[in-house]
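Biologist: Before we discuss this chain, could you put the sequence and the coordinates side by side, so that each answer can be traced back to the atoms?

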Amino acid sequence: MNNENIIELRSKILKGIELSFEKLVLAKQKSDGQFVYSKDDKIFLFKAA
């Protein structure tokens, strides 16, 4: 693979991740859900709204 192909593939993967996350947020908003995030052994809860 040359650099152009690698850049294009990376771009497509990142776009797919963004779309998946947007769908996840929308689904969580509809069900009044929460996101759970852990950092430095602390747990954080976020509303999806």
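**Loops, salt bridges and a surface patch**

Modeller: Asp-32 lies in the loop between H1 and S1, and since the model is a predicted one, what follows consists of computed values.

Biologist: What value does the phi of Asp-32 take, and is the residue buried or exposed?

Modeller: With a relative accessible area of 55%, Asp-32 is above the 50% cut-off and therefore counts as exposed. Although Asp-32 is not a glycine, its phi is positive, at about 55 degrees.

Biologist: Which residue forms a salt bridge with Asp-32?

Modeller: The partner sits in strand S2, 15 residues from Asp-32, so that the pair links distant parts of the chain. Both residues of the pair are exposed. The closest N and O atoms are 3.9 Å apart, which is within the 4 Å limit for a salt bridge, and the partner is Lys-47.

Biologist: How many salt bridges are there by this rule, and which residue does Lys-12 meet in one?

Modeller: The count comes to two salt bridges.

Biologist: In which sense do strands S1 and S2 pair, and over how many bridges?

Modeller: Strand S1 covers residues 34-39, and its Lys-39 stands opposite Lys-42 in S2. In this hairpin, two residues lie between the strands, and Asp-40 takes a positive phi near 50 degrees. The pairing of S1 and S2 is antiparallel, over six bridges.

Biologist: What is the phi of Asp-41, in the loop between S1 and S2?

Modeller: Asp-41 lies in the loop between S1 and S2, where its relative accessible area of 81% makes it exposed. Asp-41 is not a glycine, yet its phi is positive, at about 60 degrees.

Biologist: What accessible area do Met-1, Ile-6, Leu-9, Ile-13, Leu-14 and Ile-17 have together?

Modeller: These residues form a nonpolar patch on the surface. One of them, Ile-13, is found in helix H1, residues 3-30, and counts as partly exposed at 48% relative accessibility. Together, the patch has an accessible area of about 610 Å².

Biologist: What distance separates the C-alpha atoms of Ala-49 and Leu-26?

Modeller: Ala-49 is found in the segment after strand S2 and is exposed, with a relative accessible area of 92%. Ala-49 and Leu-26 are 23 residues apart along the chain, and their C-alpha atoms are separated by 8.9 Å.

Conventions
Residues numbered from 1 in each chain as written. Predicted model: local features only at pLDDT ≥ 70, side-chain atom pairs only at ≥ 80, totals over all residues. Heavy atoms only, no water. Patch = residues over 30% accessible without salt bridge, like charges linked within 9 Å, V, L, I, M, F, W, Y side chains within 5 Å. Areas by Shrake-Rupley, 256 points an atom, 1.4 Å probe, with all protein chains shown as cover. Salt bridge = Lys/Arg side-chain N within 4 Å of Asp/Glu carboxyl O. Helix = DSSP H or I, 4+ residues; strand = E, 2+ residues; numbered from the N terminus. Buried < 20%, exposed > 50% of the residue type's maximum accessible area, 1.4 Å probe, protein only. Pairing = 2+ DSSP bridges.
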